[in-house]
Amino acid sequence: MLASNYQNKGLEAGCDEAGRGCLAGPVFAAAVILPPQFHHPLLNDSKKMKEKDRYVLRDVISKEAISWAVASIDSDEIDKINILQASFKAMHASLDQLSKKPDLILVDGHLFNPYNNIPHICMVKGDARFASIAAASVLAKTFRDDYMLNIDTVYPEYGWRGNKGYGTANHREAIYALGLTPFHRKTFQLKAKQQVFDF
């Protein structure tokens, strides 16, 4: 069972990103402040959830959270500043949009750029430990999936409806055969016929 909070005072915002390891599309991030003692039996690390359950949870989170926000950084900006800094920038942008200022930020992962002098705690696999981070992972994942489904209608040959921009075999084969689209991260290049990418 996920912990509902890290401490017993103040507001905590969970932060997570989706799409950091993709070859195409933006990186999305979300920030979520949940009510004290929030619990939902379906809530977990979004990667461990069924797709339909993620969308059920998105509705629950959007209605019951004290505050939530989602932001994204596109592939051009990722190429300019690198994917790690783009992930931090997306997280900061989501925190900027919160209607309430958190007293503590819980971040999935082991690195984070400090935000507005608000204390933060980084946690590896935090999305499997704390409800607010798991909720952020669900929002980031579902909003990014929606984006990829939308641009799949423009470039269906890359299989984004199924792979969501990740480096699956069919996606790599399409890049090798057809080249890169405006949505691809140009710094994540196909290096050779063996379809090896440089991340």
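Predicted model: local features only at pLDDT ≥ 70, side-chain atom pairs only at ≥ 80, totals over all residues.
**Group meeting: the sheet and its helices**

Let me begin with strand β4, in which five of the five residues are buried, so the strand is largely enclosed by the rest of the structure. Buried here means under 20% relative accessible area, exposed means over 50%, and partly exposed lies in between, with a 1.4 Å probe and protein chains only. Helices (H or I, at least four residues) and strands (E, at least two) are DSSP runs, numbered from the N terminus.

Residues are numbered from 1 along each chain as its sequence is written, and side-chain values use heavy atoms, with hydrogens and water left out.

Which way do the side chains of β4 point? L104, L106 and D108 point one way and I105 and V107 the other way, and all are buried.

Now to the sheet around this strand. The sheet is open and mixed in its pairing, with five strands in the order β3-β2-β1-β4-β5. β3 (67-73) and β5 (120-123) stand at the edges with a single partner strand each, so one side of each has no neighbour in the sheet. From one strand to the next, the twist averages 20°. Two strands are said to pair if DSSP finds at least two bridges between them. β1 (residues 12-18) and β4 (residues 104-108) pair in the parallel sense over four bridges. In this pairing, E12 stands opposite L104, and G14 stands opposite L106. β4 and β5 also pair in the parallel sense, over four bridges, with D108 opposite M123 in β5.

Let us turn to helix α3. What does this helix touch in the sheet? α3 (residues 83-96) packs on the sheet and touches β1, β2 (27-33), β3 and β4, and its direction makes about 35° with that of β2. Contact means heavy atoms within 4.5 Å; axes are lines fitted to C-alpha atoms, for helices over the stretch in contact, and angles run from 0 to 180 degrees between N-to-C directions. The buried residues of α3 include I83, F88, M91 and L95, and their cover includes α2 (75-81) as well as β1, β2, β3 and β4. At the start of α3, a side-chain oxygen of N82 comes to within 3.0 Å of the backbone nitrogen of L84.

Helix α6 (residues 169-178) is my next element. H171, A174 and I175 are buried in α6. Seen down the axis of α6, the buried residues fall within an arc of 100°, so they line one face of the helix; the arc is that of the directions from the helix axis to the C-beta atoms. In general, an α-helix has 3.6 residues a turn, so residues three or four places apart point the same way. On the other side of α6, A169 and A177 are exposed. The cover over the buried residues of α6 includes α5 (160-163). After α6 comes G179, with a positive phi near 90°.

N117, in the loop between β4 and β5, has a positive phi of about 60° although it is not a glycine. K164, in the loop between α5 and α6, has a positive phi of about 55° and is not a glycine either. Are these residues buried or exposed? N117 is exposed, with a relative accessible area of 81%, whereas K164 counts as buried at 10%.

Definitions and conventions
Polar contact = N/O pair within 3.5 Å; in protein donor to acceptor, adjacent residues only side chain to side chain.
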